[in-house]
Amino acid sequence: MSYIRYSVPNAKGVIYATLVDSVRNGNKIEQKYIANLGRVVNRGEGIFKSRERGVYKFTLDGGYSAAPPDAIPSDTTVTASAEKEKLILDFGDSYVLDQYIQTLPFYQAYQDMMPAERDTLFSLLFYRMLTEKKAYCYADSWWSGNYVTLLYPKARLHSQRISEFLASLGEENVQRRFFADYLSAIYGRNNGTTGILIDSTGLENASRMPITQLNNHNGDINLEIRLFYVIDRQNGMPVYFRYCPGNIVDVSTLCTTMSELSQYGIAIDYAIVDAGYFSEDNVRELYKNKVHFVTRLAPNRKLYKEVAAKEMPDILSPQYALRYGNRLVYIKKTKIDVYGNPGYAYLGIDMDSRNQQYKRAMFNALEDKLSLEETNARIAKLGAFMLLSSDEMEPADILPLYYTRQQVEQVFDIGKNNADIVPLRVQNEKTFRGHLMLTFMATAVLQRLQKDILKKRKKNDKTNPEGAFMKLRNQKCKVYQREIIPQEPVKEVNEVYKLLKVDLPTSISRAELM
């Protein structure tokens, strides 16, 4: 439990205050230092003065905020110069992000998620997006030196408070309410049908949570938790997330994920999934619910072997040749039975991949002294792949459709590298759920921002969200008693403002932020 400890008055009658935590250690109660609040200006109103913050207000319930002028005693020396400069803060990154996030259709869902903890939520959300691989324990230091401290002055970012907040954010009722509002904002109040991409990634960690389990993925063994993301096939936006213990195989999760989405009024009409989700139960469920799908078949599948044995001998015929970007691909379509349902297999050879593997395969065949038949059989498989679809389509259309799955990899990349899903620094499942929720929210914003930047930037411009925020961070602002004065942006910063169509005012009233 946190409380404010006051010193006895010194010879000049000045009282100082310290924020401390009362922590139970066995049968003992220990006091843990959190922060020095500085000189007490008005104890009743929670007004303090420190070298770092100037004159400010702090309460246990409200956190840090600007000090209202009427709460400062008239005889105190701190009011002698009302316009005296007090702070210089990092400005551009948080200002632009704040302006941008307000334009998003799901902004209100974020606002309504935890109204009583709104400032903490948005401060941590900005922290995830604007900093580089920082633990939560550094959030308060970052916040106090950034314009975010004025946007969200009531944030409570001490380590214990963040843990408590993440636990609250991890509550099932909080997350259900959020997804109902978020999905309604994306698809409309009545929601409807959508095509999805689904995949999973491992979150490696050494925490003692029961959901951290050994996973063997293609021979790579790790202690991890499996995280599943559902992505909208058309716009690439994150739709939903789930997680499960690391030792649960992917094939058992697809139906459960679809069932959970149906509770929010989202009906799946098209699914593009990776080979790990191909199983009889999953396929039957997709057909039963009239969900069209495309998936990759692993070479060890019986169906793959049967089709390959029949169709591989003449696949390199010119009639099956296609151009996919700068790659030469041969694809042969075959109608097949998929657990009692009609389907189509698309057996393919990627010549670029085949040529890269050919030399090593021949060397290995010579070293192993394989027969001519064995060598030919091994070479025939080089660069081979097979896609399975519930629908018939032209072979030229199957690859572009399947490779929209790259959007999932892009979202995972954003989540891991920009929204900081890993490394995990939490030790209980409820806090872990809150951490995943926060990174999902950050990933949704960053994914939308990345797509907007790609649409607006010029042909040779390589600006991305991470680079844009790094440039913007260098723009500072000066904070006065009543006004915030952004400093002039350099050329590269000004270009980001223009790209995102964000106006930069010459001054910002502090009263309007409160």
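Angles of 65 to 115 degrees between axes count as roughly perpendicular. With that in hand, here are some questions about this predicted model.

Q: Why are H1 and H3 called roughly perpendicular to each other?
A: Helix H1 (residues 92-101) and helix H3 (residues 118-130) pack at an angle of about 115 degrees, with 11 Å between their axes. The range for roughly perpendicular runs from 65 to 115 degrees, and H1 and H3 are therefore described that way. As for handedness, H1 passes H3 in a right-handed crossing.

Q: What makes the contact between H1 and H3?
A: Contact requires heavy atoms within 4.5 Å. H1 brings Asp93, Ser94, Leu97, Asp98 and Ile101, while H3 brings Phe122, Leu125, Phe126, Met129 and Leu130. By class, the residues of this contact are seven nonpolar, one polar and two charged. Leu, Ile, Phe and Met count as nonpolar and Asp as charged.

Q: How many cavities of 30 Å³ or more does the model contain?
A: A cavity is a set of points where a 1.4 Å probe fits but cannot get out. By this rule there are four cavities of 30 Å³ or more. The second largest cavity holds about 80 Å³ of space.

Q: What lines the second largest cavity?
A: Its lining has 13 residues, and Leu19, Phe58, Leu60, Arg156 and His158 are the closest to its centre. Strand S5 (54-59) and strand S6 (63-66) each supply at least two residues of this lining. Sorted by class, the lining of the second largest cavity has six nonpolar, four polar and three charged residues.

Notes
Residues are numbered from 1 along each chain as its sequence is written. This is a predicted model: local features need pLDDT of at least 70, side-chain atom pairs count only at pLDDT 80 or more; totals for chains, interfaces and linings use all residues. Side-chain values use heavy atoms; hydrogens and water are left out. Axes are lines fitted to C-alpha atoms, for helices over the stretch in contact, and angles run from 0 to 180 degrees between N-to-C directions. Helices (H or I, at least four residues) and strands (E, at least two) are DSSP runs, numbered from the N terminus. Angles under 35 degrees count as roughly parallel, over 145 as roughly antiparallel, 65 to 115 as roughly perpendicular and the rest as oblique. A crossing is left-handed if the near helix is turned anticlockwise from the far one by less than a right angle, and right-handed if clockwise. On a 1 Å grid over the protein atoms alone, a cavity is a set of points where a 1.4 Å probe fits but cannot get out, and a pocket is an open set with protein on both sides within 12 Å along at least five of seven lines; lining residues have an atom within 4 Å of a point. Grid points are joined across faces, edges and corners, and a volume is the space filled by probe spheres set on the points.
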